[in-house]
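Please consider the sequence and model below before reading the briefing.

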Amino acid sequence: MMNVLLLSDLHGAGESLRRSLPSIQRMAGKLDGCLFMGDGLNDFRRILPDIRRLGDRMVIQDVVGNCDYGADAPHTSLVNLSGVRTLVTHGHRYHVKHSLLTLEMEALQHDCLLAAYGHTHVQDAQPGRVALVNPGSAGSGKAALLTIQQGEGNVTMLDISAAMRDGESPVKILSQTILF
């Protein structure tokens, strides 16, 4: 089994996210990876050592968003998560606020089963030819946990806002979706 924390759109809330990490770990257990889909890349990288402590030999991938001016990271990246080829992007270059079709086509071109994106600040999980997942805005207290086990993937949408405020509150599970 592989558990991957999905984050996007941190927008200056790095320290608040850091406070929530113990609560995330209590809910999720050991993490095997973390994907960050841009907007707040410098904040994410500042707390990355704390995120790495949530697991052993974690898969970490980050990309730039439209607000990550001058950051040194790709706009889109491909990563293998327990045999699941995954496209990671912020989404602004694929116009995800208007349609997910361009993102889906890009993922299909790269033989991906999953595309993780941000930019809209809205949590979303859609199974399909390519499963599409947006964890929502971490800056607004949203995140997601991707679980892959024996070729099956599901995503759990999370509300981490209370834990971001006090570092103690439990993470709320908002929904779960079978992706593939």
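The structure is a predicted model. Its secondary structure consists of four helices and 11 strands. Buried residues account for 54% of the 180 residues in the chain.

**Overall form**
- A compact globule of 180 residues would have a radius of gyration near 16 Å, and the value of 15 Å for the chain therefore agrees with that form.
- Along the principal axes, the C-alpha atoms occupy a box of roughly 40 × 40 × 30 Å.

**Packing**
- Of the contacts in the chain with a separation of 6 or more, 61% involve residues 24 or more positions apart.

**Surface and charge**
- The chain has an accessible surface of about 8000 Å², and carbon and sulfur atoms contribute 47% of this area.
- There are 16 positive and 18 negative side chains in the chain.
- The centres of these two sets of charges are 3 Å apart.

**Aromatic pairing**
- A pair of aromatic rings is described by the distance of the centres and the angle of the planes.
- One aromatic pair is counted in the model.
- That pair is formed by Phe36 and Phe44, whose ring centres are 4.7 Å apart and whose planes meet at 5°. Planes under 30 degrees apart count as stacked, so the pair of Phe36 and Phe44 is stacked.
- Phe36 and Phe44 are both buried.

Conventions. Residues are numbered from 1 along each chain as its sequence is written. This is a predicted model: local features need pLDDT of at least 70, side-chain atom pairs count only at pLDDT 80 or more; totals for chains, interfaces and linings use all residues. Side-chain values use heavy atoms; hydrogens and water are left out. Helices (H or I, at least four residues) and strands (E, at least two) are DSSP runs, numbered from the N terminus. The radius of gyration is taken over C-alpha atoms; the globule rule is 2.2 Å times the number of residues to the power 0.38. Buried means under 20% relative accessible area, exposed over 50%, partly exposed in between (1.4 Å probe, protein chains only). Contact means heavy atoms within 4.5 Å. Accessible areas come from the Shrake-Rupley method with a 1.4 Å probe; for residues, only the protein chains shown count as cover. Lys and Arg count as positive and Asp and Glu as negative; His and the chain ends are not counted. The place of a charge is taken as NZ of Lys, CZ of Arg, CG of Asp or CD of Glu. Rings of Phe, Tyr and Trp (its six-membered ring) pair if their centres lie within 6.5 Å; planes under 30 degrees apart count as stacked, over 60 as edge-to-face and the rest as tilted.
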